[in-house]
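The sequence and structure follow.

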Amino acid sequence: MSRSKSDKVGSDSSSVWLRAFTANAEWPDKEEFLDVIYWSRQVIGIIVGIAWGLIALKGFLGLLLFVLINTGLTYLYFSCYQQVDEEEFGGAWELTKEGFMTSFADFLVTWIIFYSGLHFD
């Protein structure tokens, strides 16, 4: 019995997630690894935004901590956990900035919504 296209797409995406959580995984398609970096950053942005809203963190300190956490976790993920050759992706800077601005926007919106909803009448 042949597999349908939707079955193939489903199994491909599950293998991407399996590789994302497997240390030193092989990434034959470089775009898949960049997608993992991108979407991981979005999740980090939302989680940190919720946390900052809950603990009522505000100002420059909140922004600085977000940048440090987001870039630090991303760098540790691709350099220590996955141990990819950064030069295959254009260097460490290209991987570090992949999806950062979108993640920053997610973070700001989430932080503002949670902070305003919890700490203003």
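Which side chain is joined to that of Gln82 by a polar contact of 3.1 Å? The partner is Trp27; a polar contact is a pair of N or O atoms within 3.5 Å, where within protein one must be able to donate a hydrogen and the other to accept it, and residues adjacent in sequence count only if both atoms are side-chain atoms.

The model is predicted, so local features need pLDDT of at least 70 and side-chain atom pairs pLDDT 80 or more, while totals for chains, interfaces and linings use all residues. Residues are numbered from 1 along each chain as its sequence is written, and side-chain values use heavy atoms, without hydrogens and water.

Gln82 lies in the loop between H3 and H4; helices are DSSP runs of H or I with at least four residues, numbered from the N terminus. The side chain of Gln82 also reaches the backbone oxygen of Thr22 at 2.9 Å. Beyond four places in sequence, the contacts of Gln82 (heavy atoms within 4.5 Å) include Arg19, Phe33 and Tyr77. Asn24 is 58 residues from Gln82 in sequence, but their C-alpha atoms are 4.3 Å apart.

Most residues other than glycine have a negative phi. Two exceptions are tabulated.

| Residue | Phi | Loop between |
|---|---|---|
| Asn24 | about 55° | H1 (5-20) and H2 (30-54) |

Relative accessible area classes are buried under 20%, exposed over 50% and partly exposed in between, with a 1.4 Å probe and protein chains only. Gln82 is buried at 1%, Asn24 is partly exposed at 41%, and Gln83 is exposed at 51%.

Conventions
Helices (H or I, at least four residues) and strands (E, at least two) are DSSP runs, numbered from the N terminus.
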